[in-house]
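This briefing is meant for someone looking at the structure for the first time. Please keep the sequence and the three-dimensional view at hand while reading, and follow each topic in turn.

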2 protein chains.
Amino acid sequence: MYDTTLRDGTQGEGVSLSAEDKVKIALRLDEMGFQYIEGGWPGSNPKDMEFFQKIQQYSLRNAQVTAFGSTCRPGVEPHEDANINCLLEAGAKIATIFGKCWDFHVTKALNTTLEENLRMVRESVAYLKSKGLMVFFDGEHFFDGYKANADYALSVLKAAVQGGAATVILCDTNGGSMPQEIQRAVTHVVEELPGVELGIHAHNDGEMAVANSIMAVQAGVSQVQGTVNGLGERCGNANLCSIIPNLALKMGYSTIPAENLVYLTELSRYVYELANLNPIANQPFVGESAFAHKGGIHVSALMKEPGTYEHMNPEAVGNVRRVLMSELAGISNLLYKYKELHLDKSSPEGRQVLEKLKNMEHGGYQFEAAEGSLELMLRKAMNGYREPFQLESMRLILEMREENPIHSEAVIKLKVGDQVVHTAAEGNGPVHALDNALRKALETFYPEVAGMRLSDYKVRVLEEKAGTEARVRVLIETGDGKKTWGTVGVSTNIIEASWQALADSMAYGLLKK
Amino acid sequence: MYDTTLRDGTQGEGVSLSAEDKVKIALRLDEMGFQYIEGGWPGSNPKDMEFFQKIQQYSLRNAQVTAFGSTCRPGVEPHEDANINCLLEAGAKIATIFGKCWDFHVTKALNTTLEENLRMVRESVAYLKSKGLMVFFDGEHFFDGYKANADYALSVLKAAVQGGAATVILCDTNGGSMPQEIQRAVTHVVEELPGVELGIHAHNDGEMAVANSIMAVQAGVSQVQGTVNGLGERCGNANLCSIIPNLALKMGYSTIPAENLVYLTELSRYVYELANLNPIANQPFVGESAFAHKGGIHVSALMKEPGTYEHMNPEAVGNVRRVLMSELAGISNLLYKYKELHLDKSSPEGRQVLEKLKNMEHGGYQFEAAEGSLELMLRKAMNGYREPFQLESMRLILEMREENPIHSEAVIKLKVGDQVVHTAAEGNGPVHALDNALRKALETFYPEVAGMRLSDYKVRVLEEKAGTEARVRVLIETGDGKKTWGTVGVSTNIIEASWQALADSMAYGLLKK
């Protein structure tokens, strides 16, 4: 398992990691038992060189850090090449260098001869090896090159082997290859380079990166390169969060130590968090929706036997089964949710709650993305829950003159226990002003609200009644840096619906603290 | 190409489509040339039945609408089964019914015998066929069933063929199968059921849905079921936005008419918009980042020759490369629709308009569902269009006391020609109050505004991480009973964004009168 989140992953749009973030991720990958961590391209930017200096202060338990770079340039000896010398300065014990396998690229992009390219590959590998490094050779565009000129593509790999490469990695750089093309090409390479350790480096432009990696392994490759969550340029790299459980749990290959698979979901969320990206809910294996069930018949079968509608146990990768509420849900979904919250469906409170939920869903509430509001509702019905605050009054004033932006001001009066707080705040808009006023009022009683941030806000007009007087549903998602929760409000007034969802988001956050 | 966005797609977490949304998507899929559109499960909820009633008012050019359901229940004759009868009531000419192929499911979830299950499949298909319907049979859990008991799984398919099924679809219901397992099983089915038309229905739990669908096609399947953007339960269904270009552009299969592939990106965004979901930026083929280049060497090579770092031409699926100035290409597509405005892209006004559009798109405007705002903008720039009214000032006051509903009041001052109107109105919410005040002000000048009604109102937070102070985009749809039009507003203030979209909606409606 060769992770390149820190190098190729950061080529993704919107992905930016500081040197400290990179160190944190490297330590986490090491703990998880990854064998190789590609730290960066020391010749390309100072941040990557900084990472290599910082990481030397730690002694990793499992992983070896690799430094990425290219072969020497045309017409240059490896020892004279600045890029090659940066690889030596980085201090990593493994260098991964890429060279071109596609004849068209050699002549079009490099502007050199096919023969000179072979020399660059062979001598660059040999030089780094002579300096005591282990060398991995990334055959850039191998599969496109193989399609265009198989003999030449293979001769480039052979040049790397002649130079002394420990592993030769076949790259689908443009990400457009189909699984059977990968299978055929890898099978041919295995025949042509007997005894050479091979790797696969796939991109996801055809939505095939995971499948292509698996096909390559089945055809004889032993090193798999990829990134956490499939981060990477364009459509991303091969997603290790999917490749690892597929190989380990379904096909019996050894990847990272078996006991660490349960940390996979946590690793995925951790990397999203440090990269400041929103997790993709329906991401296989580790996504929040990956084991979320909505269809009524599925849920009733699941209650009898989880294997009926799950391809594996979510706990094996540290994820959890969730049952969603929606109009598609049969009664079984509700019952399952009761089980999770230890509610007795046959008690009077249980029946009352069920009735109330049905009425609320009929009225336009949707709880599948608002489990915070659902849980608050259930807890209120169980009589053991007391709200952390109550609204006494609220006033919002919005004013606009000609081309100036709207001025928004919120005034609120809350009751917290016996005390009354009366305060006001401005904001960029009415919800922001309300949010600010609510936080201002609560912060003296509950300092933890400062750590909660609204991360998504959706509004939906319920079309059963058309026009601006229609009911609207507001869904709010709030996070505290570790987990996120959804809350919901419904009203003909968007501000009232927003207030309900906002108040629930704070109340639920406080409950969970 | 069999689309099940409207049925299986809505099983996805957070996916909720009204009957009107479903009709709109069905019309779009028909235009694109999809062969089959699964409209819903008429027996499961009233919204799906409503769709089947509404869609009968349209004559589709390419697609046939199918109704989804299950076989009859154990111990029940098809003609006595409520679910089967709902399929007949739906009025679709094709019924797609699912039956269980996994012995474990038959005994565990259905609580019946293997023999009885075969009877249910055979007789349900035969009954629907006898009523004049074409029947597609979805073999639920076929691949898991095949692994557990291949003979039984095959006998279920054979029962469907005996009943008269037109096509037998192999479903990877739990989504956990690997590509080579799919290949082997499909190859076996082709041998066992010679001459029978086969289909594939894959789920993405192992991140293999697209690869598995392609493998099945290569092994002999001719119908591919999937959803737009891969929406669907858990990790989603097979993504038709990836399968179509893979099959059509890389493998030479016929899917939808070749000339419609360029609308694939627009289709993807349209469905995200109606489902009120955030598009996934790095989604293959149609995502915003799918052809976005960041790496320095990639960019310099791309400038020499796009094929060096792109697996295909982004324009083939209506997407754009994002490195150079080519973001304008996306706008050019939009402008194509307004050919009648005679916009010359090379004239000074043309260049100015393109620059402005590009800046607006960068700022979060999106014109795919807001052609009203786009046309107003173009007319303002091009041919001396004069606005029917201008806002001088606006004030909104919202007040709430304890449990009472919020009181919403809007005061606006407009200039219409030389005259000034200063008026006020209440409403169920701030947008309704604004809408009422605007109509009240306009009605004396333009009585036709009385016939225009806002029919949908959507809000999208653009920078989710920014919390309540993020920019929001408001999309409004307005209708006059004959046609509908979309308008858009963007601001950090939801009221300001709503005002922009609302003002455009009236102005565009007046323009079209």
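Predicted model: local features only at pLDDT ≥ 70, side-chain atom pairs only at ≥ 80, totals over all residues.

A:Met400 stands opposite B:Met394, a residue of strand 9 of chain B.

- An open sheet of six strands, paired in the antiparallel sense, has the order 13(A)-12(A)-11(A)-9(B)-10(B)-11(B).

- Strand 12 of chain A, which covers residues 407–416, pairs with strand 13 of chain A over nine bridges in the antiparallel sense, and A:Lys413 stands opposite A:His422 in strand 13 of chain A.
- Helix 16 of chain A, formed by residues 430–443, lies across strand 11, strand 12 and strand 13 of chain A, and runs at about 145° to strand 13 of chain A.

**The chain B part of the sheet**

- Strand 9 of chain B and strand 10 of chain B, the latter made of residues 407–416, are paired antiparallel over nine bridges, and the bridge partner of B:Arg395 is B:Val411 in strand 10 of chain B.
- These two strands, strand 9 and strand 10 of chain B, form a hairpin with five residues between them, and in the turn B:Glu402 has a positive phi of about 45°.
- Strand 10 of chain B is joined in turn to strand 11 of chain B by nine bridges, with the two strands running antiparallel, and B:Ile412 has B:Thr423 in strand 11 of chain B as its bridge partner.
- A hairpin is also formed by strand 10 and strand 11 of chain B, with two residues between them, and here B:Gly417 in the turn has a positive phi of about 60°.

**The contact between the chains**

- The contact takes 100 residues from chain A and 99 residues from chain B.
- On the side of chain B that touches chain A, strand 9 of chain B (residues 390–401) gives the most, with ten residues.
- The residues on that side of chain B divide into 34 nonpolar, 39 polar and 26 charged.

**Chain A as a whole**

- Chain A holds 17 helices and 16 strands, and its C-alpha trace spans about 80 × 55 × 45 Å along its principal axes.
- Of the 513 residues in chain A, 56% are buried.
- Among the contacts in chain A with a separation of 6 or more, 67% are accounted for by residues 24 or more positions apart.

**A pair of packed helices in chain A**

- Helix 8 of chain A (residues 179–192) and helix 9 of chain A (residues 209–218) pack with their axes 9 Å apart and at an angle of about 25°, which makes helix 8 of chain A roughly parallel to helix 9 of chain A.
- Helix 8 of chain A passes helix 9 of chain A in a right-handed crossing.
- In this packing, A:Pro179, A:Ile182, A:Gln183 and A:Val186 of helix 8 meet A:Ala211, A:Asn212, A:Met215 and A:Ala216 of helix 9.
- By class, this contact between helix 8 and helix 9 of chain A has six nonpolar, two polar and no charged residues.

Definitions and conventions. Residues numbered from 1 in each chain as written. Chains lettered and ligands numbered in written order. Helix = DSSP H or I, 4+ residues; strand = E, 2+ residues; numbered from the N terminus. Buried ≥ 20, exposed ≤ 12 C-beta atoms within 10 Å, placed from the backbone. Contact = placed C-beta atoms within 7 Å. Nonpolar A, V, L, I, M, F, W, Y, C, P; charged D, E, K, R; others polar. Pairing = 2+ DSSP bridges. Axes fitted to C-alpha atoms, helices over the stretch in contact; angles between N-to-C directions. Parallel < 35°, antiparallel > 145°, perpendicular 65-115°, else oblique. Left-handed = near helix turned anticlockwise from the far one by under 90°.
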